[in-house]
Amino acid sequence: MSRYCGRDFTSQELKLIRGLIAEDAERPRAELSRLPCQMLDWFKPDGGLKDMSCRVAMLRMAEDGLITLPPPRCKPQQRQKICFTEQTAPQSVIVHPVHELAPLQFCPVITRDQSRLWNEYIHRYHYLGHKPLPSAQLRYFVTIDQQIVAALGFGAAAWQTAPRDQFIGWSHEQRQKNLSLVVNNARFLIMPWVNSKNLASRILSMIARRLPAQWEDRYGIRPVLLETFVDTERYAGTCYKAANWIYIGKTKGRGKLGPAGKQSVPIKDLWLYPLCRQFRKHLTH
């Protein structure tokens, strides 16, 4: 049994992949990443093929000498550079506490222009910069009187992390089946010119009430648990605590798809927020 990208591959399945490669030497890698998904029932929560995960898995199989891939036909595309514009320049300073401000508005990122602007804000002001969120995702702007004060991004949950999995109490099979019910708060940015007491915790409380229905509308799945990872060298997680998130423990620094037993990213605090009282029942069903 070999594990890649959160999936266990049996020796028979590896043999099947080798057979797909051998039967047509001209078959491009893109097609090779789709065929195993179809044959092994490897799908995303929205029903689409997990072909990108399969492509990464096959590259790692090739690195480990388990398969031999055909040479790539195209040069790898360079990620388009994000240029900073006047649209994301610092705006009016906000220092009033949240209860003295106008109502918060949550604006889902839908259009291409909104997506470009969200990426630019995150790349300019978030310490992690912009990286595409994997698989299913929702992104938001938070505004006050049409001024952007924050940005949030939600995406796929970590495949496994011991503190969360012990807290839920699910088995490997249950996690494999129900992981799509957990959503990761991958980005949370309060703009640097905004220093409003209790704003961050208010945003977290409000988005937790909105996200489940909006996620279900888009993907047909209603999440029951939120997770996030906090870099304690930079932040204490105070806003998550104030918004009633639960501190669970520390990660081992593997990252979502990192190699077992090796630290590949900083060790972080893990916080969870149940979206319904019966979340464990749903996740261990």
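# Reading a predicted fold, residue by residue

Q: Let's start with one side chain: is Ile110 buried or exposed?
A: Ile110 counts as exposed, because its relative accessibility is 64%. The labels are: buried under 20% relative accessible area, exposed over 50%, partly exposed in between (1.4 Å probe, protein chains only). Ile110 sits in the loop that links strand E3 (105-108) to helix H4 (112-125). From the C-alpha of Ile110 to that of Leu138, 28 residues along the chain, the separation is 9.0 Å.

Q: How many helices and strands does the chain have?
A: Helices (H or I, at least four residues) and strands (E, at least two) are DSSP runs, numbered from the N terminus. Here the count is 9 helices and 9 strands. The radius of gyration is 21 Å, close to the 19 Å from the globule rule for 285 residues, so the chain is as compact as a globular protein of that length. That radius is taken over C-alpha atoms, and the rule is 2.2 Å times the number of residues to the power 0.38. Along the principal axes, the C-alpha trace spans about 65 × 45 × 35 Å.

Q: What share of the chain is buried?
A: Of the 285 residues, 45% count as buried. Then look at contacts, meaning heavy atoms within 4.5 Å. Taking contacts with a separation of 6 or more, 69% are between residues 24 or more positions apart.

Q: Which residues does Glu120 contact beyond its sequence neighbours?
A: Glu120 belongs to helix H4 and counts as buried at 1% relative accessibility. Leaving aside neighbours within four places, Glu120 is in contact with Ile82, Cys83, Phe84, Thr85 and Thr88.

Q: Where is Ser196, and what does it touch?
A: Ser196 is in the loop between strand E6 (182-190) and helix H7 (199-219). With a relative accessible area of 11%, Ser196 is buried. Not counting residues up to four places away, Ser196 touches Ile94, Val95, His96, Pro97, Val98 and Leu101. A polar atom of the Ser196 side chain lies 3.2 Å from the backbone nitrogen of Val98.

Q: Which residues have a positive phi without being glycine?
A: Asp41 and Asn244 are two to look up. For Asp41, phi is about 55°; the residue lies in the loop between helix H2 (29-40) and helix H3 (51-63). Asp41 is exposed, with 57% relative accessible area. For Asn244, phi is about 70°, and its place is the loop between helix H8 (238-242) and strand E8 (246-250). Asn244 is exposed too, at 59%.

Q: How should I read distances for Arg73, and what does it contact?
A: Check sequence and space separately. Arg73 and Ala200 are 127 residues apart in sequence and 47 Å apart in space, C-alpha to C-alpha. Arg73 is in the loop between H3 and E3 and counts as exposed at 57% relative accessibility. Its contacts, leaving aside neighbours within four places, are Glu26, Arg27 and Pro28.

Technical notes:
Residues are numbered from 1 along each chain as its sequence is written. This is a predicted model: local features need pLDDT of at least 70, side-chain atom pairs count only at pLDDT 80 or more; totals for chains, interfaces and linings use all residues. Side-chain values use heavy atoms; hydrogens and water are left out. A polar contact is a pair of N or O atoms within 3.5 Å; within protein, one must be able to donate a hydrogen and the other to accept it, and residues adjacent in sequence count only if both atoms are side-chain atoms.
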